[in-house]
Amino acid sequence: MKVGIIGATGYGGAELLRILQSHPAFTIAAIYSSSQQGKDITAHYPHLSHLSMTLDEIHPEAIAKQTDIVFLGVPSGISAEIAPSLLKAGCTVIDLSGDFRLKNIEQYEKWYNKKPAPKEWVDQAVYAMPEINRSAIKQDTKFISNPGCYPTATLLGLAPVVQNKLAKEGSIIIDAKSGVSGAGQTASFGTIYSELNENFKIYKVNQHQHIPEMEQMLSTWGYEAPITFSTHLVPMTRGIMSTIYVSLASSVDQAKIEQLYMEFYKDEPFIRIRNNNQFPATKEVFGSNYCDIGFLLDERTGRLTIVSVIDNLMKGAAGQAVQNANILCGLDETAGLQLSPVYP
Ligand SMILES: NC(=O)C1=CN([C@@H]2O[C@H](COP(=O)(O)OP(=O)(O)OC[C@H]3O[C@@H](n4cnc5c(N)ncnc54)[C@H](OP(=O)(O)O)[C@@H]3O)[C@@H](O)[C@H]2O)C=CC1
Ligand SMILES: CC(=O)N[C@@H](CCC(=O)OP(=O)(O)O)C(=O)O
């Protein structure tokens, strides 16, 4: 099976290269760039010098001939422009951006502050988070919209509670933190070393573009109230920790909640539940496709604290995209993804 990567010079693209170079069923047929055509990937990423691949121009018809699946790892706003021409040319596309996740394009315009992709293409995109809706991916699916990094950690943390109608309406508060690679490789004032080092910042308060993505999924689970979601930049390279507070709608104890999570995720190869009141740390998933989840009920307040961690570039982007590609191709979902976290 031949795969291609558009945006291979980006962080998500580099992570796709890292996974796909040793995938048992996928071969990297070509990599594409809008700004570095004709150059070797090594010119941008010396750590990939063992691959020695030339970056090609983005020509949809040629990409359709060269690949069975193409991963699109370009910024939001750019995917909306590129994906339709790829699909028209006959490519099968897995898009990592936020451009096709929101079914309501007015919501996209409001939260991303960008022109939305044409509705007809948004309608065709299958939003796929394997542990939640892997059956949405059919054999003839041509277009997958990969979930956002924060929504992946948060929704996986919340699913057992919300789907079992245990969340009190209006009570969900999410306090999330990300390493700086979540912002991609282009430096901005907020992501330069002197701003990040020995610093801890909140950003996009009540304005984060992942809020409607999470609310869209929560509403399919019957939770209709708006959520409070805050994001923080942590002086580290990779990792997301989503700390979620939710008031419980009925009285259950810690043992029952543990049982619920264990049961909900019992067949999931990439979800690891911490029991005995243990909480996960971002380093425990670093470089892997795992999502680790811990939780503790505060019996005084009736609130549950859930902590969900992922590597933003793996389960939050490239790893989940490959997991989706595996499902699409009828492969073992874990193919190419059985990587232990890098520790310490
Ligand atoms: N970083 C993360 O943790 C996550 C990222 N995402 C999403 O994945 C996508 C890629 O993110 P990431 O790799 O971090 O981003 P980067 O900024 O690191 O890389 C994006 C790449 O897109 C390409 N690009 C930029 N402008 C254009 C353009 N006009 N036309 C075509 N290609 C362009 C560039 O490659 P070139 O110049 O070679 O074309 C660039 O290397 C984004 O949509 C992001 O929101 C999703 C989840 C997590
Ligand atoms: C640390 C950091 O800046 N993270 C980014 C994640 C962006 C992202 O992944 O964008 P999509 O909307 O395409 O998913 C942010 O919070 O905006």
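Which residues surround ligand 2? The views below take this and other close-ups in turn. This is a predicted model, in which local features need pLDDT of at least 70, side-chain atom pairs count only at pLDDT 80 or more, and totals for chains, interfaces and linings use all residues. Residues are numbered from 1 along each chain as its sequence is written, while chains are lettered from A and ligands numbered from 1 in the order in which they are written.

**View 1. The shell around ligand 2.** Ser76, Ser97, Gly98, Gly148, Cys149, Ser178, Val180, Gly182, Ala183, Gln209, Thr231 and Leu233 surround ligand 2. A residue is near a molecule if its C-beta atom, placed from the backbone, lies within 6 Å of it. By class, the shell has four nonpolar, eight polar and no charged residues. Ala, Val, Leu, Ile, Met, Phe, Trp, Tyr, Cys and Pro count as nonpolar, Asp, Glu, Lys and Arg as charged, and the others, Gly among them, as polar. Domain 1 (2-124) and domain 2 (150-310) each give at least three residues to this shell. The domain bounds come from an automatic or database domain assignment.

**View 2. The shell around ligand 1.** Ligand 1 has 29 residues around it. The closest are Gly10, Gly12, Ser33, Ser97 and Gly184. Eight residues of the shell are nonpolar, 21 are polar and none is charged. Helix 1 provides the largest share, three residues. Helix 1 and helix 12 each supply at least two. Helices (H or I, at least four residues) and strands (E, at least two) are DSSP runs, numbered from the N terminus. The shell around ligand 1 also takes at least three residues from each of domain 1 and domain 2.

**View 3. Where the two domains touch.** The domain assignment gives domain 1 (2-124) and domain 2 (150-310). Their centres, taken over C-alpha atoms, are 27 Å apart. Nine residues of domain 1 are in contact with eight residues of domain 2. Two residues are in contact if their C-beta atoms, placed from the backbone, lie within 7 Å. On the side of domain 1 that touches domain 2, helix 5 (residues 105-112) gives the most, with three residues. That side has four nonpolar, three polar and two charged residues.

**View 4. Helix 1 against helix 12.** The axes of helix 1 (residues 11-20) and helix 12 (residues 314-328) come within 9 Å and cross at roughly 45 degrees. Axes are lines fitted to C-alpha atoms, for helices over the stretch in contact, and angles run from 0 to 180 degrees between N-to-C directions. Helix 1 and helix 12 are therefore oblique to each other. Angles under 35 degrees count as roughly parallel, over 145 as roughly antiparallel, 65 to 115 as roughly perpendicular and the rest as oblique. The crossing of helix 1 with helix 12 is right-handed. A crossing is left-handed if the near helix is turned anticlockwise from the far one by less than a right angle, and right-handed if clockwise. From helix 1, Gly12, Glu15, Leu16, Ile19 and Leu20 meet Met314, Ala317, Ala318, Gly319, Ala321 and Val322 of helix 12. Eight residues of this contact are nonpolar, two polar and one charged.

**View 5. Helix 8 against helix 10.** Helix 8 (residues 149-163) and helix 10 (residues 211-220) pack with axes 11 Å apart, at an angle of about 25 degrees. The two helices are therefore roughly parallel. Helix 8 passes helix 10 in a right-handed crossing. Pro151, Thr154, Leu155 and Val162 of helix 8 meet Glu213, Met214, Met217 and Leu218 of helix 10. The contact divides into six nonpolar, one polar and one charged residues.

**View 6. Helix 8 against helix 12.** Here the axes of helix 8 and helix 12 are 8 Å apart, and the angle is about 100 degrees. That makes helix 8 roughly perpendicular to helix 12. Cys149, Thr152 and Ala153 of helix 8 make the contact with Lys315, Gly316, Ala317 and Gln320 of helix 12. Three of the contact residues are nonpolar, three polar and one charged.

**View 7. Two backbone details.** The peptide bond from tyrosine 343 to proline 344 is cis, with omega near 0 degrees. Proline 344 is in the segment after helix 12. Lysine 165 is not a glycine, yet has a positive phi of about 60 degrees. Lysine 165 lies in the loop between helix 8 and strand 8 (173-178).
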